[in-house]
Amino acid sequence: MTHMRDPGLLARDAEGLFWMARYLERVENMARLIDVTQSFESPGFETEAWFGLIRINADEKNFLERGFSADATHVKRFYLLDKGNSTSIPASLEDARTNARTLRPLMSTEMWKQLNVFHRFVSRITPEDLEGDALSRLCTRIKEGVQAHTGITQGTIYRDQGWYFYELGRYIERADQTTRMLDIKFTALLPRGGEEKRVAELTQWNAILRAAAGYHAFKRQARAQFAPEDVVQFLLRDPSNPRSPLLCVRRIESHLDDLRRHFGLSRGAEALERVEMLRELLLEVKLSHILATGLHDYLDLVQIYLQELAGAIGRAFFRDWRPEPTPESQLQGPSSPSQSQTQVSA
Amino acid sequence: MSDIFQHLWPEYDPGRFFCELTTPRADAGPVPRWLAERLQGIGLEALRARASAAETDLIDLGVTFTVYSDATAIDRILPFDCIPRVLTAPEWDLLERACAQRVKALNLFLGDIYGKGHVVKDGIIPGELVYGNANYRPEMKDFPVPHGTYVHVCGIDIIRDEAGDFRVLEDNARTPSGVSYVIENRHLMLRTFPDLMSGIKLKPVDDYGRRLRAAMAEVAPGDNADPQVVLLSPGIYNSAYFEHVFLAREMGVPLVVGADLTVENDRVFMRTISGLKPVHTIYRRLNDDFLDPEVFRPDSMLGVPGLIRAWKAGNVAIANAVGTGVADDKAVYAYMPRIIKYYLDEEPLIQNVETHICREPEGLKYTLENLDKLVTKPVGESGGYGITIGPRASKEELEKVRETISADPDNWISQPMIGLSVGPTLAEEGIGPRHLDLRPFIVTGKESWVLPGGLSRVAMKRGSLIVNSSQGGGSKDTWVLAEDFSKDDPTKGDTP
């Protein structure tokens, strides 16, 4: 192989790729979450089930401020129609596409075209698409839209430094979203007790496994006797489950390592330390302890560690072009380079 | 119109205008007939279906420009007409030479007015038109540029009159846009109308990116064998952003915004994931005013503080150079034939449209006396804004123009109304004649290279003469025939 010259990756573009991947991963997982929430609905308690979605995304304040009230229809609209809600699917996709516009020279034409067409589809979702059985079909189409993106990316993107940042963003977001998927179980209502409760609980766990695309894989390697901690184990730290935070963290580590070894990017030391901490948190805390002290708090902690990891990656590679990193920029990435360029000329 | 077209398209009537397809041209050989027959073979309905599929393709691919009006921004595609415009080999030979000639004169003119100013001292052009011009940049005075090239990328707007003669309508020497459509239109034609093109040898348009990058490397400072070239864009809100992306991709260079660049010790760097990396040539698609807040508009957030300092220190090349706007000004345009003659001792290979300069008493008098026959244009505007077409204006409109021009004659020129040539275009009524122009693109590093063809812009409204994209114009693929059919014509006496 001949030596290729290093064209240099702009820090802004690296950050753009990182966030484009995050936004798209977020879209897919939001569709999964909405789908599973629907299966948690029980007659008379729709609102509780749907408000759980608001809670696990920490959107309570945002939801009320945008003039919505706590009922099922409003929650669905908040996430599927409300472009003004930054956590909605249309808003995330808008952000992904805006990033993509700045990244066009680094993307394949096929990636761009699919994203463009998918964006148009999502921006045309109507209230009718949220009704009855249409909702599940809609979620499937959204999920498949992102999967098509992921597949095209996998098959067409050039594996230079840019790709590593795309992957870093994707895995961080995926790890985060899986913790939220698990969390939703603890907002779900259960019958008071006895056989009815046991069956309902099993149904809910199965729904979560399905939403995380892990149902059959889990069955294959789980014990005959169903135990909730096995599901938690599978979703959080099965090293072969593509959506488990453990697998994601291992990939992140390997990518950071490659960036250092193959591209001479040695600034990622702090990020690698954060990876180490995350891996310890995922592996070294006993499940029984987690379940006893509260899964919700533990998941919160994983999310915080992931945010800190994203922050460390930002400080190492993206910050050179923008002098002052803000705390918010670690939670919500740039949807556009608008911070750096106000519209002065047309 | 020859019999064959009357037979195929009985409804098609270009009237008194030169038609780019049906007016007989010996050097076009059988191509116009083939085209008409093939279009006829496809049929109107299938043609419309394919044209609409082609436009969907453009939307899916985001081949769009942005129109700003009343604070809203809308992504639009440039309407695409699937019936190509055909230029013959001898026509192109003339166009190519004329464009190179014009760019050579423009560069010599710029080198002169930012140097010793002979052209003014020798009385070829009034000094106030040059030095009093809003686009004259005193910062450029006595600052020579590599190879004397100021206008690295030039777009020259050329029209064809009723007699079929080409005329230059306007020079665009700042940051001309549209070249991406030339190449995208060709790709689109190859995808959606391969049967129209089959067996017709055309000059290719794919070489633009490579040529542009080579020119950018040629003007880079020092003798760096592999200089870092970047494309500087105002960002995604610019109406030509798609083109910036396109060109960065075609050249294979980073697309940067001002915030990606920084100047240290009079050297320009870009901010990468591994720190600062030197930049040697900047192909900028940003107006002069916005380039460097230290020198020009202090409120510009789009530029790079210190850029001009680095440039003047000889550490970076900027293309196009600062201050080229003075050369493509509509008032200076009127002097271009004399400027060409002055520097090159040649007649212009393609003439200007006759132009009356309202700052000159006789020009003003003539203009005001013939307002109803003339096209009046403000000199400082682009994009077709502020133009009044006398023969089509109402009495009230003409009175208003008279007042505006009388109040500020220096700002106006007028030209006779030219019957722009037409091309058959897919329209509401079927295949109808629509007016069009041509913008060839010329890339200059050490030498000039002209992209075969150029952008054919077409007024999609029946009878309209305004082809600008901001005013609803569309575009066509422009075919330059590689084969010179006049050589096959036995009446010309040429033998192979």
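Here are my entries, starting with how to read the model.

**Ground rules.** This is a predicted model, where local features need pLDDT of at least 70, side-chain atom pairs count only at pLDDT 80 or more, and totals for chains, interfaces and linings use all residues. Residues are numbered from 1 along each chain as its sequence is written, while chains are lettered from A and ligands numbered from 1 in the order in which they are written.

**Chain B, overall.** I looked up its elements and found 16 helices and 22 strands (DSSP runs numbered from the N terminus: H or I of at least four residues for helices, E of at least two for strands). The C-alpha trace spans about 70 × 60 × 55 Å along its principal axes. I then checked burial: 50% of the 496 residues of chain B count as buried (20 or more other C-beta atoms, placed from the backbone, within 10 Å of a residue's own).

**Strand β3 of chain B.** I turned to residues 80-87, where eight of eight residues are buried. β3(B) pairs with β22(B), residues 473-480, in the parallel sense over five bridges (pairing takes at least two DSSP bridges). Here I found B:Val86 opposite B:Trp479 of β22(B).

**Chain A, domains.** I noted domain 1 (11-158) and domain 2 (160-321), with bounds from an automatic or database domain assignment. Their centres, taken over C-alpha atoms, are 20 Å apart. Domain 1 of chain A brings 32 residues to the contact and domain 2 of chain A brings 28 (contact puts C-beta atoms, placed from the backbone, within 7 Å). On the domain 1 side, α1(A) gives the most, with 21 residues.

Notes
A residue is buried if 20 or more other C-beta atoms lie within 10 Å of its own, exposed if 12 or fewer, and partly exposed in between; C-beta atoms are placed from the backbone. Two residues are in contact if their C-beta atoms, placed from the backbone, lie within 7 Å.
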